[in-house]
Amino acid sequence: CFPSRIIHSLFILDGFNHLLSICQYLGYPFLISTAYCWETCIPHAELVVIRHTTRIMIITTGRTKCRDLIPYLPRLERQFQDMANKQGEFPIFSERQLKKAWSKYPLADANNQAAVLVPLVEFQNAANDNDIHLVFTKRSSNLRSHSSEISFPGGGREPQDENVIATALRETQEELLPSPLATMDWAVVGTCTPIPSLHGKAVTAVLGVYRPLLQCSAINEVFPGDSQEVEKVFSVSISALLEGETMQSKSSRMGAGIGAPAYQTEGEDVIWGLTAFLLRPLLHDVLKPTFLSKKE
């Protein structure tokens, strides 16, 4: 790979011709393609893709930093698999809880499936080597279903989706609406056991890690969100979620008197309902042991 300092200077200097001459001088075999036309890329320094043999590098203005290896990914995958069941899925509920949930909210149709991505991103932060956040959306107030609620990106499975992972990634791209600075480069860690929604859908959570290291101050600089579906895209750190967690003892999808998790975020937004039920076991059994155990 080219050092990032050289890559960034290519945008500052002589543009495309200089890029070609530098590549030729360094002896790199290359093919160049762009997600947007070159005339758009160079003036705004948005995105160029260089394919060097079998490696692809995304060149940006410095808002994202691509890496071939995510240092914590093997540790995260091991923790996920250690907690997985015999089917290789992470159990959101105990067997007893899951049975009760399905009896209360039976599947309306075997094909009525949905998936959400539980997206992990890492911000470059000199004060914290593991500044890991989860990404959420606040749904548009104009939507007929679950308007203005906080959720993970996701939606119903469509015929073209090969599996629920494909559903989660497709819906994430549609909802987050990545800017030209972003690539949809997710490392999928694993899937969770499907749980029922209030509307009789089998919802599968997919844990994924965004490969590029974010060098921006807010997630919406990279993922602004589709205004037709999403009011805003925001992120919350793992430690902040743990600190803001509360348990409300009330009637819930799991039955009367069962604690219902909720998470207070900045402002008045509260993560609750299905999103909170998906979040809590992943937060405590996978993310906390992976990222925060050494700090306790």
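The following legends describe close-up views of a predicted model.

**Figure 1. Overview of the predicted chain and its secondary structure.** The chain contains eight helices and 16 strands. Of its 296 residues, 47% count as buried. Among contacts between residues at least 6 apart in sequence, 62% join residues at least 24 apart.

**Figure 2. The second largest pocket and its lining.** This pocket has a volume of about 350 Å³. The lining comprises 19 residues, of which H133, F234, S235, V236 and E266 are the closest to the centre of the pocket. Two elements, β13 (230-237) and α7 (238-243), each give two or more residues to the lining. The most is given by β13, which provides six residues. Sorted by class, the lining has eight nonpolar, seven polar and four charged residues.

**Figure 3. Helix α8 and its kink.** Helix α8 covers residues 273-291 and has 19 residues. From its first C-alpha to its last the helix reaches 25 Å, close to the 27 Å expected at 1.5 Å a residue. A kink of about 50° is present in α8, with its centre on L283. The helix is mostly covered, as 14 of its 19 residues are buried.

Figure 4. Q79 is placed in helix α4, which consists of residues 73-83. Q79 counts as buried because its relative accessibility is 18%, below the 20% limit for that class.

Figure 5. With a relative accessibility of 0%, F80 counts as buried.

**Figure 6. C192 in the loop between β9 and β10.** C192 is located in the loop that joins β9 to β10 (195-196). The relative accessible area of C192 is 0%, and the residue is therefore buried. C192 and P91 are separated by 101 residues in sequence, whereas their C-alpha atoms are 5.9 Å apart.

Figure 7. Helix α6 has 13 residues (164-176), which should span 18 Å at 1.5 Å a residue; its end C-alpha atoms are 18 Å apart, so the two values agree. The buried residues of α6 are V164, T167, A168, R170, E171, T172, E175 and L176. In an α-helix there are 3.6 residues a turn, so residues three or four places apart point the same way. The buried residues of α6 pack against β5 (113-122), β6 (132-139), β8 (154-156), β9 (186-191), β11 (202-210) and β13. Strand β13 is also the element that gives the most to the lining of the second largest pocket.

**Figure 8. L177 and its positive phi.** L177 lies in the loop between α6 and β9. Although L177 is not a glycine, it has a positive phi of about 50°. Most residues other than glycine have a negative phi. L177 counts as partly exposed because its relative accessibility is 41%, a value between the limits of 20% and 50%.

**Figure 9. M184 in the loop between α6 and β9.** M184 belongs to the loop between α6 and β9. At 25% relative accessibility, M184 counts as partly exposed. Apart from neighbours within four places in sequence, the contacts of M184 are L169, T172, Q173, P178 and F223. M184 and T172 are 12 residues apart in sequence, with 9.0 Å between their C-alpha atoms. T172 is one of the buried residues of α6.

Note on methods. Residues numbered from 1 in each chain as written. Predicted model: local features only at pLDDT ≥ 70, side-chain atom pairs only at ≥ 80, totals over all residues. Heavy atoms only, no water. 1 Å grid on protein atoms, 1.4 Å probe; cavity = no way out; pocket = protein on both sides within 12 Å on 5 of 7 lines; lining within 4 Å. Points joined across faces, edges and corners; volume = space filled by probe spheres on them. Helix = DSSP H or I, 4+ residues; strand = E, 2+ residues; numbered from the N terminus. Nonpolar A, V, L, I, M, F, W, Y, C, P; charged D, E, K, R; others polar. Expected span 1.5 Å × (residues − 1). Bend = angle between axes of the 7 residues up to and from the residue. Buried < 20%, exposed > 50% of the residue type's maximum accessible area, 1.4 Å probe, protein only. Contact = heavy atoms within 4.5 Å.
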